[in-house]
Amino acid sequence: MDDCIFCKLFEGKIPSTRIYEDDTVIGFKDLRPQARIHQLFIHKQHTRDINDLVSTDPNQLTELFRAIAAYTAREGLTRGGFRIVTNLGPDAGQTVFHTHLHLLAGEQLGPFGA
Ligand code: AMP
Ligand code: ZN
């Protein structure tokens with residue numbers, strides 16, 4: 001999609017620090033980390049939010065979570081644990097309209113939902 005910053009990032013048209021890639025998913029560092037480890041995982045196929053993704057192709061969910069499982073195992077993050085967050089719409093504060101899962105880890109995380 002032409003106007004989407006995460007499509008541009010995936011195509012290499014804007015810079016990112018990529019920490020994971022497979023056939024269908026990439027992971028990269030969030031520009032403004034909200035935990036010691038804060039990565040974003042996106043599917044290479046554009047959808048605008050998690051509900052759009054599920055109605056477009058629910059297999060993408062499996063591919064995203066498989067990628068996160070591989071990454072967190074590789075990086076030893078399963079011992080301390082981690083949190084996955086996705087925002088949809090203004091009340092949740094979604095700012096980028098290419099579905100993404102936030103992976104937060106690397107320290108004791110605070111409460112959420114505030
Ligand atoms: P959300 O508010 O859930 O839509 O999350 C969007 C996230 O994307 C925020 O945490 C931003 O810091 C992050 N972000 C925006 N632009 C970039 C970028 N070019 N590279 C990495 N992370 C980005
Ligand atoms: Zn996109």
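A polar atom in the side chain of Thr99 lies 3.0 Å from the backbone oxygen of Asp49; a polar contact is a pair of N or O atoms within 3.5 Å, and within protein one must be able to donate a hydrogen and the other to accept it, while residues adjacent in sequence count only if both atoms are side-chain atoms. The model is predicted: local features need pLDDT of at least 70, side-chain atom pairs count only at pLDDT 80 or more, and totals for chains, interfaces and linings use all residues. Residues are numbered from 1 along each chain as its sequence is written, chains are lettered from A and ligands numbered from 1 in the order in which they are written, and side-chain values use heavy atoms, with hydrogens and water left out.

**Thr99**

- Thr99 sits in the loop between strand S4 (82-85) and strand S5 (101-105); helices (H or I, at least four residues) and strands (E, at least two) are DSSP runs, numbered from the N terminus.
- Thr99 counts as buried because its relative accessible area is 4%; buried means under 20% relative accessible area, exposed over 50%, and partly exposed in between (1.4 Å probe, protein chains only).
- A side-chain to side-chain polar contact joins Thr99 and Thr47 at 2.7 Å.
- Not counting residues up to four places away in sequence, Thr99 touches Phe41, Ile42, Thr47, Arg48, Asp49, Ile50 and Leu53; contact means heavy atoms within 4.5 Å.

**Asp49**

- The loop between S3 and helix H2 (50-56) holds Asp49.
- With a relative accessible area of 10%, Asp49 is buried.
- The side chain of Asp49 reaches two backbone nitrogens, that of Asn51 at 3.1 Å and that of Asp52 at 2.8 Å.
- Leu88, Gln94 and Thr99 are touched by Asp49, not counting residues up to four places away in sequence.
- Asp49 and Leu103 are 54 residues apart along the chain, and their C-alpha atoms are separated by 16 Å.

**His38**

- His38 belongs to strand S3 (residues 37-43).
- The relative accessibility of His38 is 4%, so His38 counts as buried.
- A polar atom of the His38 side chain lies 2.9 Å from the backbone nitrogen of Gln34.
- Beyond residues up to four places away in sequence, His38 touches Lys29, Asp30, Arg32, Pro33, His102, Leu103 and Leu104.

**Ligand 1**

- Around ligand 1 there are 16 residues, of which Asp30, Asn87, Thr95, His100 and His102 come nearest; a residue is near a molecule if one of its heavy atoms lies within 4 Å of it.
- A nitrogen atom of ligand 1 lies 3.1 Å from a backbone N or O atom of Leu31.
- A polar backbone atom of Gly93 is 3.0 Å from an oxygen atom of ligand 1.
- An N or O atom in the His102 side chain is 2.9 Å from an oxygen atom of ligand 1.
- On its own, ligand 1 has 500 Å² of accessible area, and the protein covers 89% of that; accessible areas come from the Shrake-Rupley method with a 1.4 Å probe, and for residues only the protein chains shown count as cover.

**Aromatic pairs**

- The whole structure contains 3 aromatic pairs; rings of Phe, Tyr and Trp (its six-membered ring) pair if their centres lie within 6.5 Å, with planes under 30 degrees apart counted as stacked, over 60 as edge-to-face and the rest as tilted.
- Phe6 and Phe28 form an edge-to-face pair, at 5.2 Å centre to centre and 75° between the planes.
- Phe6 is in helix H1 (residues 5-10) and Phe28 in strand S2 (residues 25-29), so this pair ties together parts that are 22 residues apart in sequence.
- Phe6 and Phe28 are both buried.
- Tyr20, Phe41 and Tyr71 are linked into a cluster by ring pairs.

**Cysteines**

- The structure has 0 disulfides, a disulfide being a pair of cysteine sulfur atoms within 2.5 Å.
- Cys4 is buried at a relative accessible area of 5%, and Cys7 is buried at 3%.

**Ile14**

- Ile14 lies in the loop between H1 and strand S1 (18-21).
- The relative accessible area of Ile14 is 28%, so Ile14 is partly exposed.
- Ile14 is in contact with Ile5, Lys8 and Leu9, leaving aside its neighbours within four places in sequence.
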